[in-house]
Amino acid sequence: MRKCLACFCTRRAALSLAAAVLLSRRAIAAPGEHQEFIDAAFRMKEEAVRAGDQPFGAVVVKARRIIGFGPSRVVQRKDTAAHAEREAIRDAQARLGSGDLSGCLLYSTSRPCALCEAAAARAGIARMFFGREATDAGAPA
């Protein structure tokens, strides 16, 4: 095996990483396809506000289907970790019966905080989009 000069990993590992990047790019929706998912995230925001919570919402999408819904529940649950993005991730994991959300997309009403982005990365979310314009926040880190 040859070593990659950038990170000293094996060539096979570097090729696997390149393949993973290509696969995650395939999961990205076409520009006109974001609207229904952003609208769903904003409906989650409205649900949170109606419940007396913070004005944030998010959804997780897999194969063009919403599999996780997340209104903010920070106030309702008195839980600082109940951000909309994490609620959507938890809901998707429960519905799938798995913690692995590889290839899924996360849509939220605002840019996810660092902790929500870390949760998305741990779950395997491929890409994040936020706001009315569906701004591409890239792959979670």
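Throughout, contact means heavy atoms within 4.5 Å. The model is predicted, with local features requiring pLDDT of at least 70 and side-chain atom pairs pLDDT 80 or more, whereas totals for chains, interfaces and linings use all residues. Numbering starts from 1 along each chain as its sequence is written, and side-chain values use heavy atoms, without hydrogens and water.

Next, the cores. A nonpolar core is a set of buried Ala, Val, Leu, Ile, Met, Phe, Trp, Tyr and Cys residues joined through side-chain atoms within 4.5 Å, buried being under 20% relative accessible area with a 1.4 Å probe, protein chains only. The largest such core has 17 residues, and V60, I89, L101, L106 and I125 have the most contacts inside it. Two or more residues each come from β1 (57–62), α4, α5 and β4 (127–130), these being DSSP runs numbered from the N terminus (helices H or I, at least four residues; strands E, at least two). The largest share, four residues, belongs to α4. A second, separate core of 12 residues includes V59, V61, L105 and Y107.

Finally, the helix pair. Helix α4 (residues 84–96) packs on helix α5 (residues 114–123) at about 20 degrees, the axes lying 9 Å apart. The two are therefore roughly parallel, a term for angles under 35 degrees. From α4, E85, R86, I89 and Q93 make the contact, and from α5, L115, C116, A119, A120 and A123.

Methods:
Axes are lines fitted to C-alpha atoms, for helices over the stretch in contact, and angles run from 0 to 180 degrees between N-to-C directions. Angles under 35 degrees count as roughly parallel, over 145 as roughly antiparallel, 65 to 115 as roughly perpendicular and the rest as oblique. Buried means under 20% relative accessible area, exposed over 50%, partly exposed in between (1.4 Å probe, protein chains only).
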